[in-house]
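Reader: I would like to learn how to read a structure of this kind, feature by feature. Please put it up before we start.

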Amino acid sequence: MIGLRSALVLSMVGGLGGFATQCTPRKPPPVVVATPAAPVKAGPEIGVTATPVPLDAANPARTTLEGGFAYAGGLVLTSADTSRLHGLSDLAVGAGGQLMAISDEGDLFEARLQLDQAGRLVGLTEGKLRPLVGLNGQPLQGKREGDAEGLAVLPNGDRLVSFEGNHRIWLYPAQPDGTWGTPRPAPKPATVFPDNEGMEALSAYPAAGPDAYLVGGEEGEVWLCRLSADCKSLPPQSGPDFTWGLTGFAPFEGTAVGTLHRGFDPIRGWRAVVRFISDPTKPLAQQRTTAALHIDGATPRDNFEGLALTRSPTGGTRLYLLSDDGAIGKQRTLLLAFDWTPQPLPPPMPTPAKKRPVRRR
């Protein structure tokens, strides 16, 4: 294709007619090619800038929240090496603090969590960014094919990824060296999703079997799926009101699961709530909320879409939240950590004293 500059030159020459042929063209100056001052890095490795963010900017020493949650550090993630470190939609945290996250541009981001001596999140190391591949082993092309939203790690290490636009779930087998193999299709709910409100929440669910996983639509619909069977509908997990959407699942202990809802309106801005649900397979009347973490007020807020639950350095429950910046200037890629301590049960009500019968004389 002819570039704009070449097209303008040709039109000028055409307009001059015969005069142009009578002039002796000047020899063009030599082209100078600028070379980098140092070798250019090749491969997936990227440098990640992790800027600490306090729980409350007006009170940086504050760490506690209601419900037994304590702030364990938070970061704003950026990179000077790539323009693609954004749109992170879900994450998983494995042994040794190994972090995996997928993006709605079809990328896989990997890094290692860096904790201080107190176990607080202070940085990321070993950053890598590479494209997810399709069924043909080639990088995914375009937003419709690469819009990855949910990530789950099965007990055997295989990874499941749910996609929006072209709604589907793929299984990426774990390779012996820890890399991702070529995917194959996995069962998905037999329903029709809107283009931009698909399978946002995805999680392994070992309580129902080693190949079981939970799938959640943004409108709150939930399914229990297995690699060996079709998906079956479960009771919905709804947010506080219609402005909230279900965006994340994470396996907890036994039958319990963590759910993530995010909400937005122009007045209150971004908000989020994480709930620990006792058993999502039971009727709603039999489900119990063990704890709830509310991201609101002065707490760092953004479009939280990723949820992961792990063991904290002290053996408790560590919760990680990841936000999708949407490639919009006012939004950020936030990675926040919280530790949860179960609250003691209230003491039982005292047994009322028995009244002595009144004896009549």
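Reader: What pLDDT does the protein chain average?

Author: The pLDDT is the predictor's confidence in each residue, from 0 to 100. The protein chain averages 87, and 83% of the residues score at least 70. Residues 1-25 have a pLDDT below 50, and beyond near neighbours in sequence this stretch has three contacts in the model, a contact meaning heavy atoms within 4.5 Å. Where pLDDT is low, the predicted coordinates should not be read in detail. The model is predicted: local features need pLDDT of at least 70 and side-chain atom pairs count only at pLDDT 80 or more, while totals for chains, interfaces and linings use all residues. Residues are numbered from 1 along each chain as its sequence is written, and side-chain values use heavy atoms, with hydrogens and water left out.

Reader: Which order do the strands of the four-stranded open sheet have?

Author: Strands of a sheet pair through backbone hydrogen bonds, either parallel or antiparallel. Strands (E, at least two residues) and helices (H or I, at least four) are DSSP runs, numbered from the N terminus; two strands pair if DSSP finds at least two bridges between them. Here the order is E7-E8-E9-E10, with antiparallel pairing. Strand E7 (148-153) and strand E10 (184-186) each have a single partner strand, so one side of each has no neighbour in the sheet. From one strand to the next, the twist averages 30°; the axes are lines fitted to C-alpha atoms (for helices, over the stretch in contact), with angles from 0 to 180 degrees between N-to-C directions.

Reader: How many bridges pair E8 with E9?

Author: Strand E8 (residues 159-163) and strand E9 (residues 168-172) pair over five bridges, in the antiparallel sense.

Reader: Which strands stand at the edges of the five-stranded open sheet?

Author: Its order is E1-E2-E21-E20-E19, with antiparallel pairing. The edge strands are strand E1 (49-52) and strand E19 (304-311), each pairing on one side only. Neighbouring strands of this sheet are turned by 25° against each other on average, direction ignored. Four bridges join E1 to strand E2 (residues 69-78), and the two run antiparallel. In E2, Val-76 is the bridge partner of Thr-51.

Reader: Is Thr-317 buried or exposed?

Author: Buried means under 20% relative accessible area, exposed over 50%, and partly exposed in between (1.4 Å probe, protein chains only). Thr-317 lies in strand E20 (residues 317-323) and, at 7% relative accessibility, counts as buried. Leaving aside neighbours within four places in sequence, its contacts include Phe-252, Leu-309, Phe-338 and Trp-340.

Reader: How does E17 pair, and how many of its residues are buried?

Author: Nine bridges join E16 to E17, and these strands run antiparallel. A hairpin joins E16 to E17 through three residues. Arg-262 has Ala-272 in E17 as bridge partner. Six bridges join E17 to strand E18 (residues 289-295), again antiparallel, and Arg-275 has Ala-292 in E18 as bridge partner. E17 is mostly covered, with eight of its nine residues buried.

Reader: Where does Arg-268 lie?

Author: Arg-268 is in the loop between strand E16 (257-265) and strand E17 (269-277). Arg-268 is partly exposed, with a relative accessible area of 43%. Not counting residues up to four places away in sequence, Arg-268 touches Asp-241 and Arg-301. Arg-268 and Gly-297 are 29 residues apart in sequence and 8.7 Å apart in space, C-alpha to C-alpha.

Reader: How many aromatic pairs does the structure hold?

Author: Rings of Phe, Tyr and Trp (its six-membered ring) pair if their centres lie within 6.5 Å; planes under 30 degrees apart count as stacked, over 60 as edge-to-face and the rest as tilted. The structure holds 11 such pairs. The rings of Phe-193 and Trp-223 have centres 5.7 Å apart and planes at 75°, so the pair is edge-to-face. This pair links distant parts of the chain, 30 residues apart: Phe-193 is in the loop between E10 and strand E11 (201-204), and Trp-223 is in strand E13 (residues 222-226). Both Phe-193 and Trp-223 are buried. Elsewhere, ring pairs link Phe-69, Phe-252, Phe-276 and Trp-340 into a cluster.
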